[in-house]
Amino acid sequence: MTRVEERLAAANVIVALVALFGGVVTGLFQALEYAGVEIYPSLAPVIHSHYHSVTMHGVLNVLVFTTFFICGFLPFIFSRSLQAPLASPHLGWVTFWLMAAGLVLAAIPLVGNAATVMFTFYPPLKAHWAFYVGLTLVVVGTWLVTLNLVLTWRAWRARNPGQRTPLAAFMSLVTFVMWTLASLGLAAEMLVLVIPWSIGLVSGTDALLARTLFWFTGHPIVYFWLLPAYISWYTLVPRQAGGKLFSDPMARTSFVLFLVLSTPIGIHHQYTDPGIHQGWKLLHALLTFAVFFPSLLTFFNVTASLETAGRARGATGWLNWFTKLPWGDPSLAAQVLAMVLFAFGGIGGLINASFNVNMVVHNTAYIVGHLHLTVGTAVALTFMGISYWLVPHLAGRALWSRGLALAQVWLWFGGMLIFSPTLHELGLRGMPRRTAIGHISYMQPQWKTLLPLVGIGGAILFLSALLFFLNMVLTATVARRAPQPVPEFADTVSGPDHAPAFVDRWQPWLATAIILIVIAYGPTLVRLAVTTPLTTPGLRVW
Amino acid sequence: MATGRPSTVYLWELAWILPSIALPVGMLAALAVTAFGAGINVTGDQGRIDPTKVAEHALFKEPGVSEIAPGQYEVRLTGQIWSFAPAEIRVPAGSTVHFWATSKDLVHGLFVPRHDVNVMLLPGQIAHAQARFDTPGEYPIICHEYCGVAHHTMAGKIIVEARK
């Protein structure tokens, strides 16, 4: 390993996978708790409660694993796509160490049960200040990644005037620019409300203002997790499958729409919050349905690309192109199965977004089922699939066992087929989320019959994750030494020359994104900021 | 295939793009009908309340249930760690119940499964929900937002009594 982009990717991916390990172990505890296994007493000195476990599960998986994996994978793929080194390797390392320092700072109270506030940390729940400061440093680190990508891209533009930005680079840049814009809400919540309050500079806070700023970032963050998976599906998977990307113009267009539409929709997480008028909630519902459009474009484009692959491999029927895909490649199998489950995650997401229908599912186990299809499979299983070529490449060793990898991928798929539909159904039957279900006083018979399936599904997922980590560790340490190739970028059926040039223009799309944010959030945020007294005291109740 | 033009949209791209627009637009129309036609609406802006002085507010001086019109009941409810007040609500079958609720401390939830009652109780805000209870029976009132280490014990019940 000589290139700095590779060393940076390796450093980030190691942190990501260690976090994922902590995330899946705590996940198993909760699945067993649901199934009625008394697990926490035996974990007592380390895990203080179910809620301590849930908080670590959420923070490690969706905040740490995703963010570090993305900050490793995307700059790596971006630099390959432009065939240019990162503008500043020095900045790259400063960024990594800043994020790592932030992570350690947040992890101390998290592990020590001083920040058992869930990954959503809704005030007036009050964690140790180091938790908030640490997470904020991680976010600042992601902004520095954006800066490095932008500098790299500008230098590339100067050397290649008039050339179209390659698709993977364009998409990576869109992802980080979108995220940087979207993360301003979280930054404001941290810097203005939460950090001054947690260190004692101000005595009170406000629940609604904090939630509104949180969800400003909290919805687009799912696109920050998801778009890197899309980038793999669009630019690498078609070729891994033996085919071509169906349409570069549609791919670019969908990413531009994600840039524009990801943020002004966050209030769809607050349909049940008092203090926000129904009209604003309806506007956010409308815009959420609009962002469904680029997701459908992606679904079509990626599926059509897989079809070209199946046909190139000899399929002739309507559907047998799917079975003709090279299923023996674990990287491909992981990502195609992730796509299959994500289709259901997308459909379920529409139900969540549907304004009054949301009252049926809000804060129930249905949401947990949904999140495990989206970030827990579409993102996590895709990142595992990427790891099956990225880790061997970075380690300079062959994948330790392809068979074990295939078993792992199918176990994840099978475990999730039990786990997620069960949680969806439990939610429809009225079971709340984030609750120690094994100890509730209001157990309903229609829940009890399904709960063992949560434990079984969760145990299968845990076993799958163990096989993944075993393979990764052995790949990095003892597998046969040999240079491992990175998948080449896919050719296209309809190429970038078919896309109108204005798709690649930044100013109009950024301006549209900002205008939509101002319309969708401006009046509510200004009203709350002006009229809200910060009088609610914080509490530590765990 | 056409090549060399500045942009090209193929028929099969269009055949996907147009339904992709029609589908969400159709669903949006359907939910607008249920929200404004059938009146199944989410909570709105019912005004602020000082979270440290909930007991002094007219609505929450005496949490409880009262009949405000024939078949119409008003429930004034507070959530606090880790209980609801009142913890038990009795109404006759066929009643429409109007909930007015707030939190005295943390974020709590007010959730009655299958009855259009799913609303957050935020300190500082007054929440509203409305539902009809037709079938006699006992229904749980659940706090569905994590509110500390005994969150899972925070619950109440609605007892819907058969009309004599």
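For the class counts below, Ala, Val, Leu, Ile, Met, Phe, Trp, Tyr, Cys and Pro are nonpolar, Asp, Glu, Lys and Arg are charged, and the others, Gly among them, are polar. The model you see above is predicted, so let's work through it with that in mind.

**Exercise 1. The largest cavity**

Task: Find the volume of the largest cavity, the residues nearest its centre and the helix that gives the largest share of its lining.

Solution: 
- Step 1. Begin with the count, which comes to 4 cavities of 30 Å³ or more. The largest has a volume of about 650 Å³.
- Step 2. Next, look at the centre. Of the 34 lining residues, Gly27(A), Gln30(A), His57(A), Asn61(A) and His372(A) lie nearest to it.
- Step 3. Now assign the lining to elements. Two or more residues each come from H1 (4-34), H3 (50-82), H16 (365-395), H17 (402-428) and H19 (451-477), helices of chain A. H1(A) gives the largest share, with 8 residues.
- Step 4. Finally, sort the lining by class: 22 residues are nonpolar, 10 are polar and 2 are charged.

**Exercise 2. The second largest cavity**

Task: Describe the second largest cavity by its volume, its lining and the classes of its residues.

Solution: 
- Step 1. This cavity holds about 140 Å³ of space.
- Step 2. It is lined by 18 residues, and those closest to the centre are Leu8(A), Cys71(A), Pro75(A), Gly92(A) and Val145(A).
- Step 3. H1 and H3 of chain A each give two or more residues to this lining, as do helix H4 (89-111) and helix H5 (129-159) of chain A. The largest share here is that of H4(A), at 5 residues.
- Step 4. The class count gives 12 nonpolar residues, 5 polar and 1 charged.

**Exercise 3. Where the two chains meet**

Task: Characterise the interface of chain B and chain A by contacts, buried area and polar pairs.

Solution: 
- Step 1. Count the residues: 63 of chain B are in contact with 74 of chain A.
- Step 2. Consider the area. The two chains bury about 5600 Å² between them, with 68% of it on carbon and sulfur atoms. In chain B, Val42(B), Tyr146(B) and His152(B) lose the most area to chain A, together 14% of what that side buries.
- Step 3. List the charged pairs. There are 3 salt bridges between the chains. Asp45(B) forms a salt bridge with Arg527(A), where the closest N and O atoms are 3.3 Å apart.
- Step 4. On the side of chain B that touches chain A, the elements giving two or more residues are helix H1 (11-37), strand E7 (117-121) and strand E9 (137-142) of chain B.
- Step 5. H1(B) provides the largest share of that side, 14 residues. The side as a whole divides into 38 nonpolar, 17 polar and 8 charged residues.

**Exercise 4. Backbone details**

Task: Locate two cis peptide bonds and a residue other than glycine with positive phi.

Solution: 
- Step 1. In chain A, a cis peptide bond joins Pro123(A) and Pro124(A), with omega about 10°. Pro124(A) belongs to the loop between H4 and H5 of chain A.
- Step 2. In chain B, Ile81(B) and Trp82(B) are joined by a cis peptide bond with omega about -15°. Trp82(B) is found in the loop between strand E2 (72-80) and strand E3 (83-85) of chain B.
- Step 3. For the positive phi, go to Phe355(A), where the value is near 45°. This residue lies in the loop between helix H14 (330-353) and helix H15 (358-361) of chain A.

Terms used: Residues numbered from 1 in each chain as written. Chains lettered and ligands numbered in written order. Predicted model: local features only at pLDDT ≥ 70, side-chain atom pairs only at ≥ 80, totals over all residues. Heavy atoms only, no water. Contact = heavy atoms within 4.5 Å. Buried area = accessible area lost by both parts, 1.4 Å probe. Salt bridge = Lys/Arg side-chain N within 4 Å of Asp/Glu carboxyl O. Polar contact = N/O pair within 3.5 Å; in protein donor to acceptor, adjacent residues only side chain to side chain. Helix = DSSP H or I, 4+ residues; strand = E, 2+ residues; numbered from the N terminus. 1 Å grid on protein atoms, 1.4 Å probe; cavity = no way out; pocket = protein on both sides within 12 Å on 5 of 7 lines; lining within 4 Å. Points joined across faces, edges and corners; volume = space filled by probe spheres on them.
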